[in-house]
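Me: I'm new to reading protein structures. Could you walk me through this one?

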Amino acid sequence: MFGIDFFDYSGWQDPPLLFRKEQFLHAEHPLHEKFSRLTRQEEKRGLLDQIDDTAPASRWQMRLTESGCAVRGHQVVRTAKT
């Protein structure tokens, strides 16, 4: 028997983020390719190396900042390194 778990992270200061979202969708789902493109961009820039698939938002932001990248919508863009 299958079940569904529901978690509400809205009250968390540092909620986990979900990466590789396309893996949770059927290949024919309308958002599958959009999520796949984002994952490929993140992988190409090494952003997903050594990061858990549900890393907290603060860790992800630190990873983006260190790499000189940002995610705008579903696209990885370069920013000025700080």
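Me: Happy to start with a helix! What do the buried residues of H2 pack against?
Reply: Keep in mind that this is a predicted model. Two strands are involved here, S1 (69–72) and S2 (75–78).

Me: Which residues of helix H2 are buried, and why do they line one face of the helix?
Reply: Buried means under 20% relative accessible area. In H2, which spans residues 57–67, that applies to Trp60, Leu64 and Ser67. Looking down the axis of H2, these buried residues fall within an arc of 70°, so they line one face of the helix.

Me: Which residue follows H2, and what is its phi?
Reply: The residue after H2 is glycine 68. Its phi is positive, near 75°.

Me: What pattern does the protein chain follow along the sequence?
Reply: The chain has two helices and two strands. Reading along the sequence, we get α-α-β-β.

Me: Which helix gives the most to the lining of the largest pocket?
Reply: The largest pocket holds about 160 Å³ of space and is lined by 14 residues. Nearest its centre lie Leu18, Phe19, Lys21, Leu38 and Glu42. With four residues in the lining, the helix that gives the most is H1 (residues 32–44).

Me: How many residues of each class does that lining have?
Reply: Let's sort the lining of the largest pocket by class. The counts are seven nonpolar, three polar and four charged residues.

Notes. Residues numbered from 1 in each chain as written. Predicted model: local features only at pLDDT ≥ 70, side-chain atom pairs only at ≥ 80, totals over all residues. Heavy atoms only, no water. 1 Å grid on protein atoms, 1.4 Å probe; cavity = no way out; pocket = protein on both sides within 12 Å on 5 of 7 lines; lining within 4 Å. Points joined across faces, edges and corners; volume = space filled by probe spheres on them. Nonpolar A, V, L, I, M, F, W, Y, C, P; charged D, E, K, R; others polar. Buried < 20%, exposed > 50% of the residue type's maximum accessible area, 1.4 Å probe, protein only. Arc of directions from axis to C-beta. Contact = heavy atoms within 4.5 Å.
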